[in-house]
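Here is a friendly note to read with the structure open beside you. Take the points in order, and look up each residue as you meet its name.

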Amino acid sequence: MNALFLIITVVSLAVLTVAAPDSVLGIMIDGGKGALDLALKMTAIYSVWLAVLKIVEKTGLDKKITSLFDPVVNFIYKDENKTAKSFISMNMTANLLGMGGAATPLGIKAVNSMNRGADALSATTNMIMFFVINATSLQFIPATVIALRAAAGSVSPSDILIPNIIASTASAGAGFLIVRIVSGIQKKKNNTELKIQEIKKII
Amino acid sequence: MGNFILPFLLIALFVYAAIKKIRIYDGFIEGIKDALKLVYSIFPYLAAIFIMVGLFRLSGLSAFLTKILEKPLALFGIPSELTELILLRPFSGNGSILLLEDIYAKYAADSYIARAASVVVGSSDTAFYIAAVYFAESKIIKLRYAVPAALAANFIGCVSACLLCRVL
């Protein structure tokens with residue numbers, strides 16, 4: 001992220017220095033303003049959803065949702081703790097119900113409660129898997145897009161539903177496979193390195 | 001019909017909670033405290049990304065990269081009208097919605113381009129933004145291969161979106 005940030009900002013700034021040096025500060029402050037607007041919106045949305053979530057937790061309904069998703073969650077995420085699994089299940093529920101506003105805070109809580117690896121600052125395979133599946137959008141019904149198409153005068157705004165469901169499944173499936181394959185390769189690499197160290201010790 | 005689901009679920013939840021003698025008002029206060037803490041920990045990441053995206057778009061760098069990427073992306077069956085959308089999608093949710101509206105206005109909402117663009121947006125998400133937000137509170141800083149994996153998966157989604165809209 002640091003390298004990407006450096007490259008994009010420096011190159012953009014260089015272009016702007018030549019093209020329109022006066023606009024630089026304004027563009028950057030507008031960026032901050034955009035973040036502030038979104039943060040205000042998020043505060044409103046999360047206030048509602050995290051309040052509802054607190055009630056769900058207090059009634060113990062979250063445990064019922066968790067047990068419903070247990071087979072799926074256990075298949076995708078190996079050796080994860082109970083709290084994290086519960087947040088993962090509720091994040092999936094919110095996504096599938098099309099409640100994007102509720103899915104994000106639940107996702108953050110899920111990552112926060114997942115087991116840490118040997119290096120506490122490094123993302124575990126489960127965290128990466130969870131992030132990738134969320135970043136490929138589990139939302140099968142793209143409510144915003146359909147509403148925008150209807151507003152733009154489409155005759156049948158929801159005729160993208162079937163291709164959308166297939167494409168969503170394709171990207172989530174691809175994400176799942178990529179993470180499984182990469183983590184498998186890394187595990188093998190670590191194992192061979194360990195073996196080499198052992199052999200070296202013996203020698 | 002769909003409009004009734006959410007209020008109905010909320011009523012059911014609150015009544016169920018009341019039967020279980022749970023203090024709903026106190027629960028709300030606790031939840032909202034969580035929300036404030038959450039936004040507080042996310043905001044620095046949010047602002048940094050927004051500033052970067054602002055520079056990226058308004059400097060013309062994104063338009064320039066779009067031009068360069070048009071030809072290689074065409075090899076995957078992605079029409080050049082969608083290149084900028086696919087480039088911007090991982091960075092900015094608002095930005096891609098604006099581009100989507102532009103595409104609707106330019107090519108009509110029922111054209112192939114508009115439908116493919118809709119599926120590209122509908123079936124993917126803003127990977128960089130989600131990376132920043134999801135890992136912010138847990139203070140995980142080494143994301144390893146998380147972002148490249150998400151970008152690759154979303155790209156496969158885009159390719160299938162362009163293909164599917166030709167036949168479906």
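The points below go from the model as a whole to single residues.

1. First, how to read this note. Residues are numbered from 1 along each chain as its sequence is written, while chains are lettered from A and ligands numbered from 1 in the order in which they are written. This is a predicted model, in which local features need pLDDT of at least 70, side-chain atom pairs count only at pLDDT 80 or more, and totals for chains, interfaces and linings use all residues.

2. On confidence, the model scores ipTM 0.87 and pTM 0.87.

3. Along the principal axes, the C-alpha atoms of chain A fill a box of roughly 70 × 55 × 35 Å.

4. How do the two chains meet? 71 residues of chain B are in contact with 69 residues of chain A, where contact means that C-beta atoms, placed from the backbone, lie within 7 Å. The largest share of the chain B side, 22 residues, comes from α2(B). That side divides into 48 nonpolar, 13 polar and 10 charged residues. Here Ala, Val, Leu, Ile, Met, Phe, Trp, Tyr, Cys and Pro count as nonpolar, Asp, Glu, Lys and Arg as charged, and the others, Gly among them, as polar.

5. The largest nonpolar core has 98 residues, and those touching the most other members are A:Phe131, A:Val132, B:Val120, B:Ala131 and B:Ala146. Such a core is a set of buried Ala, Val, Leu, Ile, Met, Phe, Trp, Tyr and Cys residues joined through C-beta atoms within 7 Å. Buried means 20 or more other C-beta atoms within 10 Å of a residue's own, exposed means 12 or fewer, and partly exposed is in between, with C-beta atoms placed from the backbone. Again α2(B) gives the most, with 14 residues.

6. Helix α8 of chain A, residues 161–202, reaches 61 Å from its first C-alpha to its last, close to the 62 Å expected at 1.5 Å a residue; the expected span is 1.5 Å times one less than the number of residues. Its buried residues, including A:Gly175 and A:Val179, pack against α6 (125–135) of chain A together with α6 and α8 of chain B. A:Val132 touches A:Gly175 and A:Val179, among others.

7. Is A:Ser47 buried or exposed? A:Ser47 is buried, with 20 other C-beta atoms within 10 Å. It is found in helix α2 (residues 24–59) of chain A and, leaving aside neighbours within four places in sequence, is in contact with B:Ile32 and B:Ala35.

8. Two loop residues deserve a look. A:Asp79, between α3 (61–76) and α4 (82–96) of chain A, has a positive phi near 50° and counts as exposed, with 9 C-beta neighbours inside 10 Å. B:Lys21, in the loop between α1 and α2 of chain B, has a positive phi of about 60° and counts as exposed with 6 such neighbours.

Conventions. Contact = placed C-beta atoms within 7 Å. Helix = DSSP H or I, 4+ residues; strand = E, 2+ residues; numbered from the N terminus.
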